[in-house]
Amino acid sequence: MAATARAAFGVQHIAKGIGRLSNVVLTRGAGSFVWTDEGRKLLDFTAGIGVTNLGHCHPKVTAAAQSQLSTLVHGQVNIAMHEPMLSLIEKLKPVMPDPSLDTFFFWNSGAEAVEASIKLARMATKRQNVIVMQGSYHGRTFGTMGLTKSKTVYSSGFAPFMPGVLTAPFPYCTQCAVAAGNETVGFENCCGNPIHELKVLLKQQSAASDTAAILIEPVLGEGGYVVPPPGFLPAVRKLCDEHGILLILDEVQSGFGRTGKYFAAEHWNVRPDILVMAKGIANGLPLSGIAANKELMDRQNPGSMGGTYGGNAVACAAGVACAEVMQEEKVLENVAARYIHYDLSTPYKDGLVNANW
Ligand SMILES: Cc1ncc(COP(=O)(O)O)c(C=O)c1O
């Protein structure tokens, strides 16, 4: 298909470093569909990369943003509080995967929120190192480039990165060398090697006393949409508890209903010390955040967090509307009715944690 004049203009003047799946020019979105400048109607399987969970331009979310635009657009967080953020906290608190997550910090993008979680982990623990998973995606900012391990394109040519980052294997059972040709191990009965490797890493490369956090996407997104085997995340939680390491769950992509629960952590009843959120939180308006227990969150010095647009009032108002739509339209029930159900919380036959772990 020949590119339109507008597409050609974009190709010429938009930074090549972005990279795009297509050169269509989008002019409108409604529900699951988007329209191009040539009037083509496309089913948006990407949902803007896991963002428009409630559909493009959901009427209630749009109305909330429009109304907020004529009330208060910018209430800078280091200057004052604003009403939509307080309302958003009221909406989010009851849906957190654990009631201990009662204190919030809002940012603009997922990557910024991941960076905020690392800042919190380092300051709260007074430790430096962070362990991430092979295949992880946490963003493309300077901080998160060092944490993203899904493809070299995100880091090649930009080094050096943030120091103190170590990588452990994510349990990818269908590609696991131990499971290959061995019928006794696999997704249902993981060999336990990833936890073993994590323990080895803590013995050989990053002493627990130097390790601030383990940062994990509960379902690997960019790295291949990989669901960890039952028991893996509880085993990581246990390891964190044993060593005073914080567990950060990056639910930027898996949150807000994308796995059938509000947050994927609920599938395994795993409590994160810090939960990272973005994307579906405001259905397309730029908003992200972290949640943690107040005692942990308040270990940071006042003024060490914040930024001009963090927790923007219009985005927060949209976030409030999203939370209401999730309830009113029974979105989670709808997802659950449509997906193939695996009971990921089922304990291993040997107990909560695999005997191998
Ligand atoms: C799991 C995860 N973390 C962080 C990010 C970065 O979010 P953003 O693109 O909003 O910076 C993404 C984006 O795709 C993601 O999927």
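What share of the 357 residues in the protein is buried? In this predicted model, buried residues make up 50% of the chain's 357 residues.

**Overall form**

The protein contains 11 helices and 10 strands. Its radius of gyration is 21 Å, close to the 21 Å that the globule rule gives for 357 residues, so the protein is as compact as a globular protein of that length. Along the principal axes, the C-alpha atoms fill a box of roughly 55 × 50 × 45 Å. Among contacts with a separation of 6 or more, 73% are between residues 24 or more positions apart.

**Nonpolar cores**

The largest nonpolar core has 57 residues. Those touching the most other members are Leu 92, Met 96, Leu 198, Ile 214, Ile 216, Val 236 and Met 277. Helix α10, residues 313-328, gives the most to this core, with 9 residues. Another core lies apart from the largest one and has 27 residues, including Ala 121, Leu 215, Val 276 and Ala 292.

| Core | Residues in core | Members include |
|---|---|---|
| Largest nonpolar core | 57 residues | Leu 92, Met 96, Leu 198 |
| Another core | 27 residues | Ala 121, Leu 215, Val 276 |

**Surface and charge**

The accessible surface comes to about 17500 Å², and 56% of it belongs to carbon and sulfur atoms. The protein has 29 positive and 29 negative side chains. The centres of these two sets lie 4 Å apart.

Notes:
Residues are numbered from 1 along each chain as its sequence is written. This is a predicted model: local features need pLDDT of at least 70, side-chain atom pairs count only at pLDDT 80 or more; totals for chains, interfaces and linings use all residues. Side-chain values use heavy atoms; hydrogens and water are left out. A nonpolar core is a set of buried Ala, Val, Leu, Ile, Met, Phe, Trp, Tyr and Cys residues joined through side-chain atoms within 4.5 Å. Buried means under 20% relative accessible area, exposed over 50%, partly exposed in between (1.4 Å probe, protein chains only). Helices (H or I, at least four residues) and strands (E, at least two) are DSSP runs, numbered from the N terminus. The radius of gyration is taken over C-alpha atoms; the globule rule is 2.2 Å times the number of residues to the power 0.38. Contact means heavy atoms within 4.5 Å. Accessible areas come from the Shrake-Rupley method with a 1.4 Å probe; for residues, only the protein chains shown count as cover. Lys and Arg count as positive and Asp and Glu as negative; His and the chain ends are not counted. The place of a charge is taken as NZ of Lys, CZ of Arg, CG of Asp or CD of Glu.
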